[in-house]
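Subject: Structure for your review

Dear colleague,

My notes on what was found in it follow directly after.

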Amino acid sequence: MTVPERTNAGRPLTDERHEIALVLVDMIKAFFDPRGEFYYPAAEDVLPGVRRLLQAARRGGRLVVHAHEVHRGSLTDLEGTKLPKHCVEGTLDVEFAPGFEPVDDEVDLVKRRYSAFFGTELALLLNEQGVRRITVAGVKTNVCVRATVQDAFANGFEPILVHGAVGSNRPRLHDASLEDVERYFGRLMTLDEAESLLAPDEGTAR
C-alpha cells in the first residue's frame, strides 16, 4: 500500500490545482432530452458554455464534480410533494447528457435534494482537496444551481456563477437568482473570465 506524502502538519498534500473546482449541476437527460421529465428547449442554450467550462477545467487539471439527482422509485421522497416524479434510478432522466459524462478521476455525486451539498459528501470532499473557490454551472439557475451556491457559501467556499453556463425556463427567476448570488453569496463571471480562471496557462483557447 502506498502511503500518501504528508506535510509537516501530518496532513496529506493536496493538488494546488484543486484550489478552484468545477461543480456541474444536473447535466442529465431529464433536462436536455426531449423525452426527459423536465425538458425545455431553452435548456440546450447552456450546453456550449458548460462544455467550454468542462474542457477548461480538464485542461487546467481542476477537480470536477458531476452532481445529479437520483431518486428511489419504490420509496417515499419529499420532493414528490412539490414536483412530479422525476430522476428515478434506472430511467432515462438520470443518464448524463451526451458529452457530459464523468471521466478519469472526476466525481460522480448523487443528490436527492436541490442542493449538491445537502445529504452528500461534497463539503468533506472539497475540504479534503483544498478547494476554496467553486465554479457552478448547469440547470436550473433558480432551483438546484441557486441552492448549491447558497450552501457552498454556507460551507465556507466562494461560489462563482458564469453567464451563459446556467439557465432556467423561468427567465425572471433566473435573473433574480443571478442578482441575489452576486449581492449575497458569490461572484458572477463571463465565460471568457471563467475559462481563463480554470485554464490560466491557455487563456481562452478552446
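In this predicted model, the buried residues of helix 4 are Thr-141, Asn-142, Cys-144, Val-145, Thr-148, Val-149 and Ala-152. They are covered by elements that include strand 1, strand 2, strand 3 (107–111), strand 4 (133–139), strand 5 and helix 5.

Helix 5 deserves a separate word. Helix 4 spans residues 141–154 and helix 5 spans residues 171–185; the two pack at an angle of about 5°, and their axes lie 10 Å apart. Because angles under 35 degrees count as roughly parallel, helix 4 is roughly parallel to helix 5. On the side of helix 4, the contact is made by Thr-141, Asn-142, Arg-146, Val-149, Gln-150 and Phe-153. Helix 5 contributes Leu-173, His-174, Ser-177, Leu-178, Asp-180, Val-181, Tyr-184 and Phe-185. Sorted by class, this contact has seven nonpolar, five polar and two charged residues.

The two ends of helix 4 are also of interest. Lys-140 is in the loop between strand 4 and helix 4. After helix 4 comes Gly-156, whose phi is positive, near 95°.

Ser-168 is found in the loop between strand 5 (158–167) and helix 5. Is Ser-168 buried or exposed? Its relative accessible area is 11%, so Ser-168 is buried. Not counting residues up to four places away in sequence, Ser-168 touches Tyr-40, Lys-140, Thr-141, Asn-142 and His-174. Of these, Thr-141 is 27 residues from Ser-168 in sequence, with a C-alpha to C-alpha separation of 5.6 Å in space.

Strand 5 itself holds Leu-161. Leu-161 counts as buried because its relative accessibility is 1%. Leaving aside neighbours within four places in sequence, Leu-161 is in contact with Val-136, Val-145, Val-149, Val-166, Leu-178, Val-181, Arg-187, Leu-188 and Met-189. The C-alpha atoms of Leu-161 and Thr-135 are separated by 6.1 Å, although these residues are 26 apart along the chain.

By class, the lining of the second largest pocket divides into four nonpolar, two polar and five charged residues.

Two of the lining residues can be described further. His-18 is placed in the segment before strand 1 (20–25), and His-18 counts as buried because its relative accessibility is 14%. Beyond residues up to four places away in sequence, His-18 touches Gly-61, Arg-62, Leu-63, Gln-129, Gly-130 and Val-131. Asp-104 lies in the loop between strand 2 and strand 3. With a relative accessibility of 79%, Asp-104 counts as exposed.

Most residues other than glycine have a negative phi, and most peptide bonds are trans. Asp-104, however, has a positive phi of about 50° although it is not a glycine. Asp-26 likewise has a positive phi, near 55°. Asp-26 lies in the loop between strand 1 and helix 1 (29–32), and at 1% relative accessibility Asp-26 counts as buried.

Finally, some remarks on the chain as a whole. The protein chain has six helices and six strands, which follow the pattern β-α-α-β-β-α-β-α-β-α-β-α along the sequence. Buried residues make up 49% of the 206 residues in the chain. Among contacts between residues at least 6 apart in sequence, 74% join residues at least 24 apart.

With kind regards

How values were computed:
Residues are numbered from 1 along each chain as its sequence is written. This is a predicted model: local features need pLDDT of at least 70, side-chain atom pairs count only at pLDDT 80 or more; totals for chains, interfaces and linings use all residues. Side-chain values use heavy atoms; hydrogens and water are left out. Axes are lines fitted to C-alpha atoms, for helices over the stretch in contact, and angles run from 0 to 180 degrees between N-to-C directions. Helices (H or I, at least four residues) and strands (E, at least two) are DSSP runs, numbered from the N terminus. Angles under 35 degrees count as roughly parallel, over 145 as roughly antiparallel, 65 to 115 as roughly perpendicular and the rest as oblique. Contact means heavy atoms within 4.5 Å. Ala, Val, Leu, Ile, Met, Phe, Trp, Tyr, Cys and Pro count as nonpolar, Asp, Glu, Lys and Arg as charged, and the others, Gly among them, as polar. Buried means under 20% relative accessible area, exposed over 50%, partly exposed in between (1.4 Å probe, protein chains only).
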